[in-house]
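Please read the following walk through this structure alongside the sequence and the coordinates. The account moves from one region to the next.

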Amino acid sequence: MIADGTPRLAACKAQLIRSPWAKANSLALHACARLLHRLFPSPATTAWEIELRYRRYLADFGESDDDIVVSTYSKSGTTWMQMILYQLTTAGEMGFDHIFDISPWVYYSALREVPPAQTPQPRILKSHDAYSRFAGGRRGRFVFVVRDGRDVCLSQFHHRRDFKRFDGNFEQHFDEFLHGTEYNWFEHVRSWLENSAGLPITYVRYEDLKRDFPATVRRVAADCGIDVTETIMARVVERCSFEFMKLHEARFAPRNEHFTGQTDAPYLVRNPGRFIRHGKVGEGIAALGGDQLAAYRERFDHSLAGFPLVMDYR
């Protein structure tokens, strides 16, 4: 650890790679998608334009061998892990306006059409992307945080009601959680656990962070080549506590001002003080009815049976 309390990293800073071919190719493809959307506006061309815009942003952002990608399904502890890694890899100062200033989410930047923040290495990056996006390989290490699907389902329902354009009831949300095809918890988690491309992944259970926070943090740090002193650990414990993060909640939540002028923005913040809600374990079981629990278990057995890491999520 150096004098200002910044942790010492085991590895030297790696080169940031931005492929000129990938940048040029993604720029050309996105230009075609934009033209197509202007000529034939529809939900399909909108989605395609956003996807190719995101690819262009990724190509511009580049990759590095010391990138740390926090990969999760939504509402599984993403922001918590971003904050943990930020505290582990820096002096942990809280002078930032928003967490994406110190831990970029390139997709969110692409939606806003603003460049993602340029941060010191190792860069701590957020992603909710499907495993297939990285199946061809990516520099850096992944930290995949997984949480009990029943708790995810309940937390995501409140998130959609408070921060997204969703006005349905819990029954509608549960049906979409169970049977949705575009962003499905069961399939998302399965593909990341299978890790067919052999990506360097550290798996972290949300429940383990709740049960033994210091030991779980030390394991993540070791995998990422970060030395952790008792002083650093004390700071991580303090600043990654529910109470501290709730106090600073405005620095973590989506904001309507991020999408000023975008009438079709996916975010519509209605309750900004509910981004960090409870963070408890086991609430989902209490919220689901008997038939819903049976349907959840049937879906679980179809996709996730045979993965010991998540068997108690059944």
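**Helix packing, sheet and cores**

The crossing of helices α9 and α10 is right-handed. This is a predicted model, and the values below are computed from it. The two helices, α9 and α10, pack at an angle of about 115 degrees, and their axes lie 11 Å apart. On the α9 side the contact is made by Phe213, Pro214, Val217 and Arg218, and on the α10 side by Glu230, Met233, Val236 and Val237. Helix α9, residues 213-223, also lies across strands β5 and β6, and runs at about 170 degrees to β6.

Those strands belong to an open sheet of four, in the order β4-β3-β5-β6, with parallel pairing. β4 (124-127) and β6 (201-205) stand at the edges with a single partner strand each, so one side of each has no neighbour in the sheet. From one strand to the next the twist averages 25 degrees. Strands of a sheet pair through backbone hydrogen bonds, either parallel or antiparallel.

The pairings can be followed across the sheet. β3 and β4 run parallel and are joined by four bridges; here serine 71 stands opposite serine 127 of β4. On to β5, strand β3 (residues 68-72) pairs in the parallel sense with residues 141-146 over five bridges, and isoleucine 68 has arginine 141 of β5 as its bridge partner. Five bridges also join β5 to β6, again running parallel, and the bridge partner of phenylalanine 144 in β6 is tyrosine 203.

In soluble globular proteins, nonpolar side chains tend to be buried together. The largest nonpolar core in this model has 45 residues, of which Met81, Ile84, Leu85, Leu88 and Val143 touch the most other members. At least two residues of this core come from each of β3, α3 (78-89), α4 (106-112), β5, α8 (206-211), α9, α10 (230-239) and α11 (242-247). The most is given by α3, with seven residues. Valine 143 illustrates how these parts meet: setting aside neighbours within four places in sequence, valine 143 is in contact with Ile68, Val69, Val70, Ser71, Met81, Leu85, Thr202, Val204, Val220 and Cys224. Apart from this core lies another, of 37 residues, among them Cys153, Phe186, Leu193 and Leu199.

Helix α7 (residues 185-194) is mostly covered, with seven of its ten residues buried. The buried residues of α7 are Trp185, Phe186, His188, Val189, Ser191, Trp192 and Leu193. What covers these residues includes strands β3, β5 and β6 together with helices α5 (149-163), α6 (170-179) and α13 (290-304).

The cysteines form no disulfide: the count comes to zero. Cysteine 240 is in no disulfide, and the nearest cysteine sulfur, that of cysteine 224, is 14 Å away. For a disulfide the two sulfur atoms would have to be within 2.5 Å. Is cysteine 240 buried or exposed? With 3% relative accessibility, cysteine 240 counts as buried, because the cut-off for buried is under 20%. Cysteine 32 counts as exposed, at 53% relative accessibility, because exposed means over 50%.

A few backbone features remain. Most residues other than glycine have a negative phi, and most peptide bonds are trans. Glutamine 121 and proline 122 are joined by a cis peptide bond, with omega about 0 degrees. Proline 122 lies in the loop between α4 and β4. Glutamate 113 has its place in the loop between α4 and β4, and its phi is near 65 degrees, a positive value in a residue other than glycine. Lysine 75 is not a glycine either, yet has a positive phi of about 65 degrees. This lysine 75 sits in the loop between β3 and α3 and is buried, with a relative accessible area of 15%.

Conventions: Residues numbered from 1 in each chain as written. Predicted model: local features only at pLDDT ≥ 70, side-chain atom pairs only at ≥ 80, totals over all residues. Heavy atoms only, no water. Pairing = 2+ DSSP bridges. Axes fitted to C-alpha atoms, helices over the stretch in contact; angles between N-to-C directions. Contact = heavy atoms within 4.5 Å. Buried < 20%, exposed > 50% of the residue type's maximum accessible area, 1.4 Å probe, protein only. Core = buried A, V, L, I, M, F, W, Y, C linked by side-chain atoms within 4.5 Å. Left-handed = near helix turned anticlockwise from the far one by under 90°.
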